[in-house]
Amino acid sequence: MRKVLISIIAATVISGCSEFPGVYKIDIPQGNIVTQEMVDQLRPGMNHNQVRYVLGTPLITDTFHDGRWDYVYTIKKGNGDYSRERFSVFFEQGKLVKVSGDYRPSPSN
């Protein structure tokens, strides 16, 4: 009887370490959030400070290509889903000339 009781207690303690369907797991966001509204505010010819005001400080600044800023946002949901968004802005002579990535400026702009 003693061995059975110890086995039951050990099984209960060990099962506490496993994952249960009802356990809450947090979402893990990382990077810069860029929205369509922010992208729509960008205009060709904006300088570095104006773009930084609209989009925030870029996550990645390439030391070899001073004219490119990358904004990356990733989120890992608690359920295991993963998504990634990228947005890049390009400068020539200190002025915004091109954007690329998951967002495009709206045609009305």
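How many helices and strands are there in the protein? The protein has three helices and five strands, where helices (H or I, at least four residues) and strands (E, at least two) are DSSP runs numbered from the N terminus. Read from the N terminus on, the elements follow the order α-β-α-α-β-β-β-β. The model is predicted: local features need pLDDT of at least 70, side-chain atom pairs count only at pLDDT 80 or more, and totals for chains, interfaces and linings use all residues. Residues are numbered from 1 along each chain as its sequence is written, and side-chain values use heavy atoms, with hydrogens and water left out.

Of the 109 residues, 23% count as buried; buried means under 20% relative accessible area, exposed over 50%, and partly exposed in between (1.4 Å probe, protein chains only). Among contacts (heavy atoms within 4.5 Å) between residues at least 6 apart in sequence, 46% join residues at least 24 apart.

The largest nonpolar core comprises 15 residues. Such a core is a set of buried Ala, Val, Leu, Ile, Met, Phe, Trp, Tyr and Cys residues joined through side-chain atoms within 4.5 Å. At least two residues of this core come from each of α2 (36–40), α3 (48–55), β3 and β4. Leu42, Val51, Leu55, Tyr71, Phe87 and Val89 have the most contacts inside the core. With neighbours within four places in sequence left aside, the contacts of Leu42 include Val51, Leu55, Phe87 and Val89.

One aromatic pair was found, under the rule that rings of Phe, Tyr and Trp (its six-membered ring) pair if their centres lie within 6.5 Å, with planes under 30 degrees apart counted as stacked, over 60 as edge-to-face and the rest as tilted. The ring centres of Trp69 and Phe91 are 4.9 Å apart and the planes stand at 65°, so this pair is edge-to-face. Trp69 belongs to strand β3 (residues 68–76) and Phe91 to strand β4 (residues 82–92), 22 residues apart. Both residues of the pair, Trp69 and Phe91, are buried.

Strand β4 also contains Ser88, which counts as buried because its relative accessibility is 4%. The side chains of Ser88 and Asp70 are joined by a polar contact of 2.4 Å. A polar contact is a pair of N or O atoms within 3.5 Å; within protein, one must be able to donate a hydrogen and the other to accept it, and residues adjacent in sequence count only if both atoms are side-chain atoms. Leaving aside neighbours within four places in sequence, Ser88 is also in contact with residues including Trp69 and Lys98.
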